[in-house]
Amino acid sequence: MDGANHSVVSEFVFLGLSNSWEIQLVLFVFSSMFYVASMMGNSLIMLTVTLDPHLPFPMYFLLANLSFIDLGGSSIASPMMIYDIFRKRKVISFGGCIAQIFFIHVIGGVEMVLLIAMAFDRYVAICKPLHYLTIMSPQMCIFFLVSAWMIGLIHSVIHLAFVVNLPFCGPNVLDSFYCDLPQLIKLACTDTYRLEFMVTANSGFISVGSFFILIISYIIIIVTVQKHSSAGSSKAVYTLEAHITVVLLFFGPLIFFYMWPSSSTHLDKFLAIFDGVLTPFLNPVIYTFRNQDMKVAMRRVCRQLVSYRKIS
């Protein structure tokens, strides 16, 4: 077949979230509110870390980069989903679909590595406090950041290599609101069983492996904190609780999605909304709610911005 690699499908049609007008209205209000809130919250964290010199460099440098990733993650599919909610025909071009898959997996890969880096940061801060600034030097933070982006890009390119040359010659309807790789592969005009297994195994292995690395790291940290109970340790526990909550929010939907790929589409859509809309909103809330340093720094930055506006 000479034309096997040439797709004739130029666009894909989304079935969306619901055909009920009432549910569409609720989803529109809910999604819009949380998307705007996540953009404002993550932007405020980035601005605070950039402008406030009193925040410890390693931990908050990584947190600012996580907020940047959350900004990107929430902007890949959410704006299009909100725009499409009331549209009868929800479409995306073939190139747009491939681009969406690429950025989803880049962001996902980068966030996994950043969460591991933040767990390592907490491990060093709690288990090796005297060597913290030596180990978590600016060079080490830059190394973590560059590694995160390299791994995210490689992870995404591997996934695209699976799908970019598949023949799409007819079916083009996706029962989703964004380009989902497992569903997209099923539309190809060829036997995709082995490819579906490889994609699911690849993402599932990376997600589960990263999750277990993080869980083992946090168990070690918790045991260390219990052995050395002090005021500093109790403060560390607060930041630890925030990290563990964010890890569960990020990996929970991913692991469920890839470990049980045959689950209902309604559950898949709920998990996708949770991961794409709610999690980027909850991350800044979780990291600032019990973090006194961040709350004080945010107030300082807000006062600086207000006084700057008055002067100008």
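Leu 214 is found in helix α7, where helices (H or I, at least four residues) and strands (E, at least two) are DSSP runs numbered from the N terminus. The model is a predicted one, in which local features need pLDDT of at least 70 and side-chain atom pairs count only at pLDDT 80 or more, while totals for chains, interfaces and linings use all residues. Residues are numbered from 1 along each chain as its sequence is written, and side-chain values use heavy atoms, with hydrogens and water left out. Is Leu 214 buried or exposed? Leu 214 counts as buried because its relative accessibility is 0%; buried means under 20% relative accessible area, exposed over 50%, and partly exposed in between (1.4 Å probe, protein chains only). Leu 214 and Leu 27 are 187 residues apart along the chain, and their C-alpha atoms are separated by 33 Å.

Helix α7 also takes part in a helix pair. Two packed helices are described by the angle between their axes and the distance between the axes. Here, axes are lines fitted to C-alpha atoms, for helices over the stretch in contact, and angles run from 0 to 180 degrees between N-to-C directions. Helix α3 (residues 94–127) packs with helix α7 (residues 193–227) at an angle of about 15°, and their axes are 10 Å apart. The two are therefore roughly parallel to each other, given that angles under 35 degrees count as roughly parallel, over 145 as roughly antiparallel, 65 to 115 as roughly perpendicular and the rest as oblique. How do α1 and α2 pack, and at what angle? For α1 and helix α2 (residues 57–84), the angle is about 155° and the axes lie 9 Å apart, so α1 and α2 are roughly antiparallel to each other. The crossing of α3 and α7 is left-handed, and α1 likewise passes α2 in a left-handed crossing. A crossing is left-handed if the near helix is turned anticlockwise from the far one by less than a right angle, and right-handed if clockwise.

Next come the charged pairs. A salt bridge is a side-chain nitrogen of Lys or Arg within 4 Å of a carboxyl oxygen of Asp or Glu, and by this rule the count comes to five salt bridges. One of them joins the side chains of Glu 11 and Arg 89 (2.4 Å, N to O). Glu 11 lies in strand β1 (residues 11–14) and Arg 89 in the loop between α2 and β2 (90–93), so this pair ties together parts that are 78 residues apart in sequence. Glu 11 is partly exposed, with a relative accessible area of 27%, and Arg 89 is partly exposed too, at 48%.

Arg 122 forms a salt bridge with Asp 121, with the closest N and O atoms 2.8 Å apart. Arg 122 counts as buried at 8% relative accessibility, and Asp 121 counts as buried at 1%. Asp 175 and Lys 269 also meet through their side chains in a salt bridge (2.8 Å, N to O). This pair links distant parts of the chain, 94 residues apart: Asp 175 is in the loop between β3 (173–174) and α6 (181–186), and Lys 269 is in helix α9 (residues 265–289). At 24% relative accessibility, Asp 175 counts as partly exposed, whereas Lys 269, at 9%, counts as buried.
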